[in-house]
Amino acid sequence: MSQSFTLGRRGFLQALGSLTLSFMVPLDLAYAQAPAKLPGDLKTAPMLSAWLRINADGTVTLMIGKVELGQGILTAVTQICADELDVNIERINIISGDTAIVPDEGTTAGSQSMPGCAPAVQQASAEVRQILLGLAAAKLGHPAEALKVADGTVTGPGSSKATYWELVTGKELEREATGKTPLKPVSEHRYIGKSVTRVDIPAKMTGEAIFLQEHRPEAMVHGRIVRPPTYSARLVNADTKRIESMPGVLKVVRNGSFLGVIAEREDQALAAAAALESVAEWEVQNVLPGHENIYDWLVKAKSEDKEIHKKARSTGGEPAKVIEATYQRPYHMHASIGPSAAIATMGSNGTLTIQTHSQSVFETAPAIAKMLGLDPAKVRCQHMQGSGCYGHNMADDAAADAALLAVELPNRPVRLLYTRDQEHKWEPYGSAMVIKTKAAVDNQGNVLDWDLELWSTPHGTRPGGEPGNLLSARYLEKPFKQPVPRNGGPPNYAADRNAIALYDFPGQRVLLHFITEMPLRVSSTRGLGAYANVFAIESFIDELARASGADPLEYRLRYLKDKRARDVLVKAAETFGWDKFEKKENRGRGIAFAQYKNYAGFCAVAMEVEVSRRNGRVRVIRVSTAADSGHIVSPDGISNQIEGGVIQSLSWSLKEEVKFDTARVLSEDWASYPILTFSEVPPIEVSLIDRPGEPYLGTGEASQGPTSAALANAIFDATGVRYRRLPFTPERVKAGLGV
Amino acid sequence: MVDFRLNGRDVSVDIPDDVFLLYVLVNDLRINGAKFGCGRAQCGACTVLIDGEPVRSCLTAVSAAAGRSVTTLEGLREDGKPGKLQQAFIDEQAAQCGYCSSGMILQAQALLDRNPNPSDGEVRSALDANLCRCGSHNRIVRAVLRAAKEA
């Protein structure tokens with residue numbers, strides 16, 4: 001691994017040949033005036049030196065707090081940096097998610113990397129370029145306006161030249177951004193707006209070490225843990241003597257109901273964990289509602305109720321009719337292809353270092369410190385890439401478990417890896433939800449009053465510095481209690497994300513029933529509540545359109561005022577061929593739309609399906625999407641996210657449901673929790689609408705919601721049956737068809 | 001002691017012969033191009049080739065490789081550069097997280113070795129038991145078809 005993994009920030013910077021950075025240069029005149037508002041995450045980390053280093057060896061080091069999850073963020077910000085700094089993209093090395101080195105940009109989630117990190121990198125790069133130009137002007141004796149830059153070489157009148165690499169000694173960047181340096185005009189972008197090869201893909205395709213799982217520090221040993229059979233089970237007895245003498249076993253760790261082993265070899269750790277599991281005796285209770293009863297449970301559970309939106313109707317007459325519907329989504333898994341892993345080392349200097357694929361290194365490190373009673377300054381998390389996570393999976397739990405083992409065997413890096421069933425059964429799922437909609441319509445079927453009520457358990461139990469949010473901390477001899485989750489943020493934020501329809505109905509009311517009790521462990525899963533809320537809204541508006549005999553696209557456009565929203569809908573319909581569609585037997589078309597969070601990326605999805613009346617199978621024939629993510633940095637990056645989101649949402653909506661009985665989770669592998677496969681994946685067309693100069697909106701979660709509703713709407717068009725309970729499995733479809 | 005060929009060179013590992021091949025490759029032979037996904041032969045992330053045939057190394061005892069030739073993702077490189085199929089995956093940007101990629105590429109290589117000009121449907125069928133969670137399926141199919149076309 002690179003040297004940076006063994007050095008703290010200071011050591012790291014010195015290793016690059018930069019000067020000590022412990023003093024501030026006097027504020028210059030520009031900054032002494034009222035500071036302009038800084039963009040993105042520069043607001044919380046304004047020092048230019050926190051983001052960028054110009055190195056004597058002709059390279060640039062870009063340091064960011066956001067991390068790569070497969071969404072391509074490292075590449076997008078590298079493109080931006082190269083453009084604003086005026087260097088070739090190959091010169092830029094990036095360090096991300098190391099709590100000892102990079103700026104704290106919080107958690108990498110919520111499609112916030114482009115809105116938060118990208119503008120910060122852009123402004124910081126522009127300001128560093130301006131500083132470098134100033135240095136060059138002084139050196140060359142020409143005004144900055146007379147200088148040109150190409151790939152880090154500054155050229156002045158005559159043949160005078162200076163390079164970034166010789167101009168910078170280190171201290172020049174140790175100052176805060178002013179927010180006043182203008183950005184380049186779009187016409188001067190070389191990389192922004194173009195699809196470049198993602199920086200991490202060649203290594204991944206050729207087997208170079210890039211994943212956490214391929215990090216093999218010297219003297220590494222292997223850890224495995226044994227989980228209880230159910231959430232509420234407690235360890236009664238475990239005779240670990242025999243296991244301690246098994247080949248290669250270095251340590252058996254028992255702390256309350258937490259059980260783990262450390263062995264020299266991975267196969268030895270596996271054997272010891274299996275033996276440990278066989279000797280553990282547990283007290284088990286039956287306390288779960290079961291997956292068939294979860295929707296009844298949700299609407300009856302104690303809840304915090306909040307009217308998050310109310311718009312009283314001032315026009316229109318008496319309603320002619322009231323239409324109602326109830327929609328349900330089950331628990332979903334993140335279901336990462338690789339189970340979570342981490343490597344922890346308790347150093348002789350008392351510092352615990354953890355390589356992790358966590359999305360929230362800055363919150364997970366202090367949570368682990370608190371769990372272990374360590375000084376937070378002595379716990380360092382370093383992000384390394386893992387399998388795609390799609391939200392809060394078990395990455396943080398793995399980091400915590402590796403730490404629990406590593407403190408028992410100092411000076412040996414302990415690699416902890418979960419089994420498939422541990423990941424499937426213990427990860428925090430996307431919450432099951434119930435959504436009831438009601439509309440009062442006039443004689444022409446126009447909406448007068450729109451009413452939406454939703455029931456959900458939490459969508460956010462990330463570590464947040466609290467050990468009680470780390471799974472194993474709740475099972476220790478001195479257990480940490482899980483904090484009561486909040487719904488967080490302003491209305492429309494988490495469970496209620498996208499619950500407020502963007503349609504301009506005369507009257508609208510949205511009521512949230514937030515349930516803090518959690519029968520199954522839950523947390524942020526791609527889109528949070530938006531997946532189900534958009535499913536309900538976009539299914540229901542389709543129902544209203546059908547009830548009034550209107551075209552579902554035309555009906556939506558009646559109520560949609562925002563131009564960008566209208567544009568994606570119209571674009572998706574055009575590429576799909578909405579107007580030319582010829583209805584065939586058992587085939588149907590559906591369309592749906594959402595602006596993620598009502599302020600991020602716009603996405604519309606149209607699709608054609610075929611439904612087999614014989615076996616209830618839904619085959620998606622083709623999908624056309626349109627997306628507006630603001631100013632496009634990487635067209636292919638956005639397409640990849642939209643496409644992947646459509647496929648994952650189709651998988652959720654056609655196949656996925658976490659099954660559980662009154663005691664335990666039953667979905668323990670890919671056979672009991674199947675996902676979409678190659679033969680089931682339809683062709684997907686993505687049309688992008690570029691908005692040069694507009695803010696970056698982020699894309700990662702934009703297509704999840706619209707896909708589920710477009711699917712339901714297409715199935716209705718094909719069969720005349722409205723399916724409101726996800727997923728649309730062959731059994732459910734057959735039951736609906738009465739066959 | 002188990003002896004076999006790995007990516008064209010002879011290797012010898014002192015290990016009980018019932019240890020699964022995946023752990024031997026990853027830990028003893030420091031191979032990156034085989035990933036642990038499920039340990040149940042359900043996902044394909046650990047796929048490698050033994051004498052050209054794809055196997056799930058997570059449930060294949062290392063003894064099954066004895067005296068035979070094992071190919072991992074590393075073995076598809078050509079002169080230190082990405083091989084044709086690997087380059088096609090790069091050109092099509094056929095990944096998001098890339099964790100399933102090595103299994104996909106080896107499964108696809110086995111297909112191309114026996115059917116150099118597969119149809120879209122044949123590629124999908126050959127890869128149907130390899131799971132991808134990010135939704136890169138269509139890109140992966142395009143990459144395999146591109147490699148076939150460029151071969």
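Strand β1 (residues 2-6) of chain B is joined by five bridges to β2(B), and the two run antiparallel. Strands here are DSSP runs of E with at least two residues, helices are runs of H or I with at least four, and both are numbered from the N terminus; two strands pair if DSSP finds at least two bridges between them. Within this pairing, B:L6 stands opposite B:R9 of β2(B). The model is predicted, with local features requiring pLDDT of at least 70 and side-chain atom pairs counted only at pLDDT 80 or more, while totals for chains, interfaces and linings use all residues. Residues are numbered from 1 along each chain as its sequence is written, and chains are lettered from A and ligands numbered from 1 in the order in which they are written.

The pairing of β1(B) and β2(B) belongs to an open sheet of five strands in chain B, ordered β2-β1-β5-β3-β4, with mixed pairing. From one strand to the next the twist averages 40°, where axes are lines fitted to C-alpha atoms, for helices over the stretch in contact, and angles run from 0 to 180 degrees between N-to-C directions. Helix α3 (residues 101-114) of chain B packs on this sheet, touching β3 (47-50) and β4 of chain B, and its direction makes about 35° with that of β3(B). Contact means that the C-beta atoms of two residues, placed from the backbone, lie within 7 Å.

Six of its eight residues are buried, so α1(B) is largely enclosed by the rest of the structure. A residue is called buried if 20 or more other C-beta atoms lie within 10 Å of its own, exposed if 12 or fewer, and partly exposed in between, with C-beta atoms placed from the backbone. The buried residues of α1(B) are B:L21, B:L22, B:Y23, B:V24, B:L25 and B:V26. They pack against α9 of chain A together with β2 and β3 of chain B. After α1(B) comes B:R30, which has a positive phi near 55°.

The interface as a whole brings 47 residues of chain A into contact with 45 residues of chain B. On the chain A side, the elements that give two or more residues are α7 (201-206), α9 (266-279) and α17 (635-655). The largest share, eight residues, comes from α17(A). By class, this side has 18 nonpolar, 17 polar and twelve charged residues; Ala, Val, Leu, Ile, Met, Phe, Trp, Tyr, Cys and Pro count as nonpolar, Asp, Glu, Lys and Arg as charged, and the others, Gly among them, as polar. For the complex, the predictor gives an ipTM of 0.98 and a pTM of 0.95. Chain B has a mean pLDDT of 97, and 100% of its residues reach 70 or more; pLDDT is the predictor's confidence in each residue, from 0 to 100.

Chain A contains 19 helices and 24 strands. Its radius of gyration is 27 Å, which agrees with the value near 27 Å for a compact globule of 739 residues; the radius is taken over C-alpha atoms, and the globule rule is 2.2 Å times the number of residues to the power 0.38. Of the 739 residues in chain A, 55% are buried. Among its contacts with a separation of 6 or more, 79% link residues 24 or more positions apart.

One enclosed element of chain A is strand β23 (residues 618-628): eight of its eleven residues are buried, so it is largely enclosed by the rest of the structure. Strand β22 (residues 602-611) pairs with β23(A) in the antiparallel sense over ten bridges, and A:M607 has A:V623 as its bridge partner. Six residues lie between the strands of this hairpin, where A:G616 takes a positive phi near 75°. Five bridges also join β23(A) to strand β24 (residues 684-688) of chain A, and these two run parallel. Here A:A627 has A:L688 as its bridge partner.

A:A494 lies between β19 (447-456) and β20 (507-514) of chain A and is buried, with 22 other C-beta atoms within 10 Å. A:A494 and A:S524 are 30 residues apart in sequence, yet 8.4 Å apart in space, C-alpha to C-alpha.
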